[in-house]
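Please work through the exercises below with the structure open beside you, trying each task before reading its solution.

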Amino acid sequence: MGQDSDKLLFALLNFAICAPIFSIALCRLNSMGGAVIYRVRSEYAFYVGAAFASAFQPLWDEWPRWGSLAMAGALLIGLLCSGHAWRKDKPPTTATEPAPLGDQ
Amino acid sequence: MSNQPIADIVGLAIFIAAFIFSPAAAQVVGPYMVIVVAATIGASFKVARREKSSRWGAFWFFLRVVGLAVLLTAALAALLNAYRPDLEPRVTVAPIALLIGFLDWRVALSKVVAVLFSTLDRVGGGKGGAS
């Protein structure tokens, strides 16, 4: 295979890894409903932005290689491993703000 | 790309990638990528703030917010540049897109209207009520 084909394959593979990162992070943001602490919201908001930027980086002539794939893959594995904490689209208690004293 | 028929899955993958990341697409979409990425981050915060909805509902909302940012950012950056020539549009597009995505426009506009009415009250003598 030529160098161009390699570039395109890496780009498509990177896109295929970034797409689930984007959708998992967006689903978790949707499940927050305003009750989640700001640093957790920021974490997932930047995951969405970074996954989008990484997936479409060839559009500004930056082509992903092994390093990009490794980072994106590690991030996807991390999100999948923390899936049980977000089961049934409910944020984990460690991510939510403490309830007002009157509600306890 | 050669004119050979696509024989295997790798060839098909390369064909798809060549279509998505073609130089023609890059030429059209490339300049908007800064705006889109900044708006994506801002819109993510907005999705986290709103009431929980279906996944497709959230995705559709996200697309609308990013679309709004793409439509308005360039115009607002040009407007800002007209008032402050030292602020070049290529510097201001990213923060403007982030703000358009981030801000809750309904709340922001109601605050602006409230400030406007209170200013009018002050100018009119602060009597209030119908006379």
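**Exercise 1: where the chains meet**

In this predicted model, 26 residues of chain B are in contact with 27 residues of chain A. Find which helices of chain B supply the side that touches chain A, and how its residues divide by class.

Solution. Begin with the helices: α1 (9-20), α2 (23-29), α3 (33-49) and α4 (55-83) of chain B each give at least two residues to the side that touches chain A. Next, look for the largest share, which is the 9 residues that come from α3(B). Finally, sort this side of chain B by class, which gives 18 nonpolar, 4 polar and 4 charged residues.

**Exercise 2: two helices of chain B**

Describe how α3(B) and α4(B) cross, and name residues that make the contact.

Solution. The two axes, those of α3(B) and α4(B), come within 9 Å and cross at roughly 135°, and therefore α3(B) is oblique to α4(B). The crossing of α3(B) and α4(B) is right-handed. Among the residues making the contact are Ile35(B), Ala39(B) and Ala43(B) of α3(B), together with Phe61(B), Val65(B) and Ala69(B) of α4(B). By class, the residues of this contact between α3(B) and α4(B) are 12 nonpolar, 2 polar and 1 charged.

**Exercise 3: one cysteine**

Locate Cys27(A), and decide whether Cys27(A) is buried, partly exposed or exposed.

Solution. Cys27(A) lies in helix α1 (residues 3-32) of chain A. Because 16 other C-beta atoms are within 10 Å, Cys27(A) is partly exposed. Leaving aside residues up to four places away in sequence, Cys27(A) touches Asp89(A) and Arg55(B).

Note on methods: Residues are numbered from 1 along each chain as its sequence is written. Chains are lettered from A and ligands numbered from 1 in the order in which they are written. This is a predicted model: local features need pLDDT of at least 70, side-chain atom pairs count only at pLDDT 80 or more; totals for chains, interfaces and linings use all residues. Two residues are in contact if their C-beta atoms, placed from the backbone, lie within 7 Å. Helices (H or I, at least four residues) and strands (E, at least two) are DSSP runs, numbered from the N terminus. Ala, Val, Leu, Ile, Met, Phe, Trp, Tyr, Cys and Pro count as nonpolar, Asp, Glu, Lys and Arg as charged, and the others, Gly among them, as polar. A residue is buried if 20 or more other C-beta atoms lie within 10 Å of its own, exposed if 12 or fewer, and partly exposed in between; C-beta atoms are placed from the backbone. Axes are lines fitted to C-alpha atoms, for helices over the stretch in contact, and angles run from 0 to 180 degrees between N-to-C directions. Angles under 35 degrees count as roughly parallel, over 145 as roughly antiparallel, 65 to 115 as roughly perpendicular and the rest as oblique. A crossing is left-handed if the near helix is turned anticlockwise from the far one by less than a right angle, and right-handed if clockwise.
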